[in-house]
Amino acid sequence: MNSALKFNGSQEELSKIFDLYKLNVLDVQCFKDGIINTSYCLKIGDGSKLVLRVYQNGGKSNDAIEKELNFMDEMRNSGVPIPPVMANIFDKKLTIFKDSIGREWRAIIMAFAQGRHLEPTDFAIIPELAMYQAKMHLVSSGLNKNSESPNFKAMVDWLDKEFNETKSKGLAKEIFSKIEEIYNGLKQDIELNFDEILALPCGDVHLDYDSDNVIVDNGKIKAILDFDDISKQPFILDTANSIWWWLLKNKKENYEKILNSYFESYRKIRDITEKEYKFLSLFLRMRNLTLMCLLYANIPEKNRLRKNK
């Protein structure tokens with residue numbers, strides 16, 4: 001992954017992509033967000049908008065991207081608001097092209113979702129958010145026909161990677177010691193419960209279902225975006241990842257309201273077993289430490305660890 005490159009195409013290279021869709025593009029604006037992939041907002045001749053995403057070079061395989069697109073189709077067909085992906089002139093949703101120096105890239109073009117990103121004060125949207133997540137889990141469970149175990153080791157490997165990278169970031173000794181203490185406790189709990197975690201209900205899940213990946217308008221969810229991280233994981237881990245964002249961004253006095261609202265709505269679509277509830281806290285702790293290391297220590301331009309309690 002260290003050799004992966006983000007796309008920074010010229011107007012000529014972008015025009016070649018547009019030709020593969022027979023699009024009359026009047027204006028192109030690159031979105032600032034996006035750690036991995038490059039996305040553009042396209043204004044089309046008829047006044048509508050589309051989104052071009054160019055996947056990083058050296059990242060996901062073509063098969064992995066096709067799996068992502070197929071997953072999006074399954075969820076959209078089940079009533080989850082996911083922007084449709086356009087087919088190119090070859091009737092393919094995934095477009096493969098080369099830049100001016102012969103490097104190969106993969107791209108998709110999808111509908112533009114009008115609205116704003118989810119905010120941590122959008123408490124009234126929590127029931128709808130939880131309902132769509134439960135629906136995605138229910139559909140995904142049906143697709144997991146071989147009852148394969150989750151790839152939980154990948155989540156543990158990510159935790160290990162982010163923790164190990166903090167060692168070289170020059171953090172104050174007392175801060176790193178606390179991080180190390182939390183990490184060692186997590187690793188012990190994971191090791192003790194690893195086999196039981198592998199037996200939890202699982203399927204392909206979003207893993208980043210919050211904030212920038214949810215578009216809302218007039219108090220309703222209009223679009224769920226960015227299925228780039230889909231992986232076969234325990235459903236309760238995916239739920240923990242989403243809840244973590246709400247807890248991080250809100251005061252403790254709101255925690256009970258958030259949790260009650262989320263799970264009350266979720267359980268109307270899909271029941272949660274006692275064993276799943278048992279691991280909610282562990283997965284919240286994993287998400288917390290992994291992203292604390294990544295976002296507040298390991299990404300230089302976002303090194304805000306000392307400001308984060």
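Modeller: Contact here means heavy atoms within 4.5 Å. We're looking at a predicted model, where local features need pLDDT of at least 70 and side-chain atom pairs count only at pLDDT 80 or more, while totals for chains, interfaces and linings use all residues. Residues are numbered from 1 along each chain as its sequence is written, and side-chain values use heavy atoms, with hydrogens and water left out.

Biologist: Which residues make the contact of α6 with α7?

Modeller: From α6 (residues 235–249), F235, T239, S242, I243, W246 and L247 meet Y255, I258, L259, Y262, F263 and Y266 of α7. Both count as helices because DSSP gives them as runs of H or I with at least four residues, numbered from the N terminus (strands are runs of E, at least two). By class, that contact holds 10 nonpolar, 2 polar and no charged residues; nonpolar is Ala, Val, Leu, Ile, Met, Phe, Trp, Tyr, Cys and Pro, charged is Asp, Glu, Lys and Arg, and the others, Gly among them, are polar.

Biologist: How do the axes of α6 and α7 cross?

Modeller: They come within 11 Å and cross at roughly 145 degrees. Axes are lines fitted to C-alpha atoms, for helices over the stretch in contact, with angles from 0 to 180 degrees between N-to-C directions. The crossing is right-handed: that label means the near helix is turned clockwise from the far one by less than a right angle, and left-handed means anticlockwise.

Biologist: Why does L186 count as buried?

Modeller: Buried means under 20% relative accessible area, exposed over 50%, partly exposed in between (1.4 Å probe, protein chains only). L186 has 0%, so it's buried. L186 sits in helix α5 (residues 173–198) and, not counting residues up to four places away in sequence, touches L159, L282, R285, M286 and L289.

Biologist: How many disulfides are there, and how do you know?

Modeller: The whole structure has 0. A disulfide takes a pair of cysteine sulfur atoms within 2.5 Å, and for C41 the nearest cysteine sulfur, that of C30, is 11 Å away. C41, at 13% relative accessible area, is buried, and C293, at 2%, is buried too.

Biologist: What makes β1 and β4 edge strands?

Modeller: Two strands pair if DSSP finds at least two bridges between them. The open sheet runs β1-β2-β3-β5-β4, with antiparallel pairing. β1 (25–30) and β4 (95–98) each have a single partner strand, so one side of each is left without a neighbour in the sheet. β4 and β5 pair over 4 bridges, and K98 stands opposite E104 in β5.
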